[in-house]
Amino acid sequence: MKLKLPATTANLGPGFDCLGAALSLYNEFEVKVLNDNTKKVEIFTEGIDAELIPKDETNHFYYALKKVFEITKNKLLSLEIYIKNNIPLQRGLGSSATAYVGGLVAGNILCGEVLSEYELVNLAAELEGHPDNVVPCMFGGFCITTKIDKKVKFIKFPAPKDLSVLVIIPDKKISTEYARKVLPKKIGFNDAVSNVSNVALLVGSILSKKYEFLRYATVDFLHQPYRKKLMPWMESVFRICLENKSLGCVLSGSGSTIAAFYRKKDINENLLDSVQLKLKKYINCEIKILSFVNKGVITKE
Ligand code: HSE
């Protein structure tokens, strides 16, 4: 069985913990069932940050897969798991969401698909902790997500196909756990009001394709101003992208990646070279041009 799962960008600026979208960069997983009675599971990893991916039961994909066997009261099989990691770890691009969602989906297929997609996405949110990553990873598109009475609720909108996302992926890794520790316990009323306005404007501008509003709608007062001290280059990168035709810039998830939105027609190799050259002064990074994608998990048996 082969699975491909998309990277995700959560928050999109002011939509802290509630907005997320799937991107055209994929982690790939393959599960081979062995016909022996050893019940051994072997994990093989390759690709970006492969050396950091555990090969024991703490591996997110394996952990999630095993969880489905436990819930459905099935005996674990002898397996080989191959992971091709293309989404860098701890950069705010949802690499761990692909592993948890992928493991759950693979486990469910092996156990006869007894769990519904809704049950799987709830399990994924429990394991990974962030519905704004796991929902778009599973279902694709541009998603509004929340938890009501501890259950995930979401609305998926089609991916805005006329936008590109320039992802600026710094060398520096930042764990979500750490990036949440720098957030304040309380925020001012005016900041809360500004975020409510901006997130409404952001959803409205994407759905109505009034992209000229994104420059204002992407401004956030809840998390980016506090996380910026972990990423001192953030404002310079935003400025450079905005001076080079970007519609709006945000921290992707909890960072360290910065996502800059562009009209697809405005982005080309010349612009990319020019942005890359200007960024060099501030940051060691890799840059990719991605699209928003409509599909989440892609499975092949
Ligand atoms: N909404 C979460 C955060 C996303 O910003 O902490 C984690 O990827």
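Which backbone nitrogen lies 3.0 Å from a polar atom of the side chain of Asp-220? In this predicted model, that nitrogen belongs to Leu-222.

Asp-220 sits in the loop that runs between helix H7 (214-217) and helix H8 (224-227). Asp-220 is buried but forms no salt bridge. The nearest side chain of opposite charge is that of Arg-227, 7.5 Å away, while a salt bridge requires a distance within 4 Å. Apart from neighbours within four places in sequence, Asp-220 is in contact with Gly-13, Pro-14, Asn-195 and Pro-225.

| Residue | Ligand atom | Distance |
|---|---|---|
| Asn-11 | oxygen | 2.8 Å |
| Asp-132 | nitrogen | 2.7 Å |
| Arg-227 | oxygen | 2.8 Å |

The cysteines are a separate topic. A disulfide is a covalent bond between the sulfur atoms of two cysteines. The structure contains zero disulfides. For Cys-143, the closest cysteine sulfur is in Cys-137, and a bond is ruled out because the two sulfurs are 10 Å apart, which is too far. Cys-241 is in no disulfide either, and the nearest cysteine sulfur, that of Cys-249, is 4.4 Å away. The cut-off for a disulfide is 2.5 Å between the sulfur atoms. Cys-143 counts as buried because its relative accessibility is 0%. Cys-241 is likewise buried, with a relative accessibility of 0%.

Definitions and conventions:
Residues are numbered from 1 along each chain as its sequence is written. This is a predicted model: local features need pLDDT of at least 70, side-chain atom pairs count only at pLDDT 80 or more; totals for chains, interfaces and linings use all residues. Side-chain values use heavy atoms; hydrogens and water are left out. Helices (H or I, at least four residues) and strands (E, at least two) are DSSP runs, numbered from the N terminus. Buried means under 20% relative accessible area, exposed over 50%, partly exposed in between (1.4 Å probe, protein chains only). Lys and Arg count as positive and Asp and Glu as negative; His and the chain ends are not counted. A polar contact is a pair of N or O atoms within 3.5 Å; within protein, one must be able to donate a hydrogen and the other to accept it, and residues adjacent in sequence count only if both atoms are side-chain atoms. Contact means heavy atoms within 4.5 Å.
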